[in-house]
Amino acid sequence: MPASSNNNEAEKINVVVRGQDNRILYFKINGTVRLSKMFAIYCEMRQLEVQTVQFLYEGNRITGNQTPQGLGLEDGAEICAFVHQSGGGRQQRGRCTSC
């Protein structure tokens, strides 16, 4: 019979977060933890304010209240992160191709 720590390990999945500049950060997260924790770490590492970033999975906006299990994320899933911009400006060349 497997140990309970092995069961907890099995619940974790690897997630890729790709910014609009195509820079990638890798996370290993528990399937039942709210995504807000990962969003906060991503924004801290990229020196962004979490309120200014929108996260998308398969083209749909996701929120910090959702969980990987609730979204049906599988190991290796890719989430795209976009910074909100107000007004006009030059268009970014780099785009997240999966969203």
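Read along the sequence, the protein chain of this predicted model follows the pattern α-β-β-α-β-β-α-β. That pattern comprises 3 helices and 5 strands. The chain has 99 residues, and 31% of them count as buried. Much of what follows concerns helix 2 and the strands that cover its buried residues, among them strand 1, strand 3 and strand 5.

**Overall picture**

- Among contacts in the protein chain with a separation of 6 or more, 55% involve residues 24 or more positions apart.
- The protein chain exposes about 6,900 Å², and carbon and sulfur atoms supply 44% of that area.

- Helix 2 covers residues 36–45, and its buried residues are M38, F39, Y42 and C43.
- Seen down the helix axis, these buried residues fall within an arc of 130 degrees, so they line one face of helix 2.
- The face turned away from the buried side carries the exposed residues K37, E44 and M45.
- The cover over the buried residues of helix 2 includes strand 1, strand 2, strand 3, strand 4 (60–62) and strand 5.
- Q47 follows helix 2 and has a positive phi, near 55 degrees.

**The nonpolar core**

- In soluble globular proteins, nonpolar side chains tend to be buried together.
- The largest nonpolar core here has 19 residues, of which V17, M38, Y42, F55 and I79 touch the most other members.
- Two or more residues of this core come from each of strand 1 (12–19), strand 2 (24–30), helix 2, strand 3 and strand 5 (77–83).
- Helix 2 gives the largest share of the core, 4 residues.
- I79 illustrates how parts of the chain meet: leaving out residues up to four places away in sequence, I79 touches V15, V16, V17, R18, M38, F55, L56, Y57, I62 and L73.

**Aromatic pairs**

- A pair of aromatic rings is described by the distance of the centres and the angle of the planes.
- A search of the whole structure finds 2 aromatic pairs.
- One of them joins F39 and F55, which are stacked, with 3.8 Å from centre to centre and 5 degrees between the planes.
- This pair links distant parts of the chain, since F39 is in helix 2 and F55 is in strand 3 (residues 53–57), 16 residues apart.
- F39 counts as buried because its relative accessibility is 5%, under the 20% cut-off.
- F55 is also buried, with a relative accessible area of 3%.
- Y42 and F55 form an edge-to-face pair, with 5.8 Å from centre to centre and 80 degrees between the planes.
- This pair too links distant parts of the chain: Y42 is in helix 2 and F55 in strand 3, 13 residues apart.
- Y42 counts as buried at 2% relative accessibility.
- Through these ring pairs, F39, Y42 and F55 are linked into a cluster.

**Salt bridges**

- Side chains of opposite charge can pair when their charged atoms come close.
- The whole structure contains 2 salt bridges.
- R18 forms a salt bridge with E78, and the closest N and O atoms are 2.9 Å apart.
- R18 lies in strand 1 and E78 in strand 5, so this pair ties together parts that are 60 residues apart in sequence.
- R18 counts as buried because its relative accessibility is 18%, under the 20% cut-off.
- D21 forms a salt bridge with R46, with the closest N and O atoms 2.7 Å apart.
- D21 lies in the loop between strand 1 and strand 2, and R46 in the loop between helix 2 and strand 3, so the pair ties together parts that are 25 residues apart in sequence.
- D21 is partly exposed, with a relative accessible area of 36%, whereas R46 is buried at 17%.

**The segment after strand 5**

- H84 lies in the segment after strand 5.
- H84 is partly exposed, with a relative accessible area of 41%.
- Leaving aside neighbours within four places in sequence, H84 is in contact with Q51, T52, V53, Q54 and R61.
- H84 and Q51 are 33 residues apart along the chain, and their C-alpha atoms are separated by 8.7 Å.

How values were computed:
Residues are numbered from 1 along each chain as its sequence is written. This is a predicted model: local features need pLDDT of at least 70, side-chain atom pairs count only at pLDDT 80 or more; totals for chains, interfaces and linings use all residues. Side-chain values use heavy atoms; hydrogens and water are left out. Rings of Phe, Tyr and Trp (its six-membered ring) pair if their centres lie within 6.5 Å; planes under 30 degrees apart count as stacked, over 60 as edge-to-face and the rest as tilted. Buried means under 20% relative accessible area, exposed over 50%, partly exposed in between (1.4 Å probe, protein chains only). A nonpolar core is a set of buried Ala, Val, Leu, Ile, Met, Phe, Trp, Tyr and Cys residues joined through side-chain atoms within 4.5 Å. Contact means heavy atoms within 4.5 Å. Accessible areas come from the Shrake-Rupley method with a 1.4 Å probe; for residues, only the protein chains shown count as cover. A salt bridge is a side-chain nitrogen of Lys or Arg within 4 Å of a carboxyl oxygen of Asp or Glu. The arc is that of the directions from the helix axis to the C-beta atoms.
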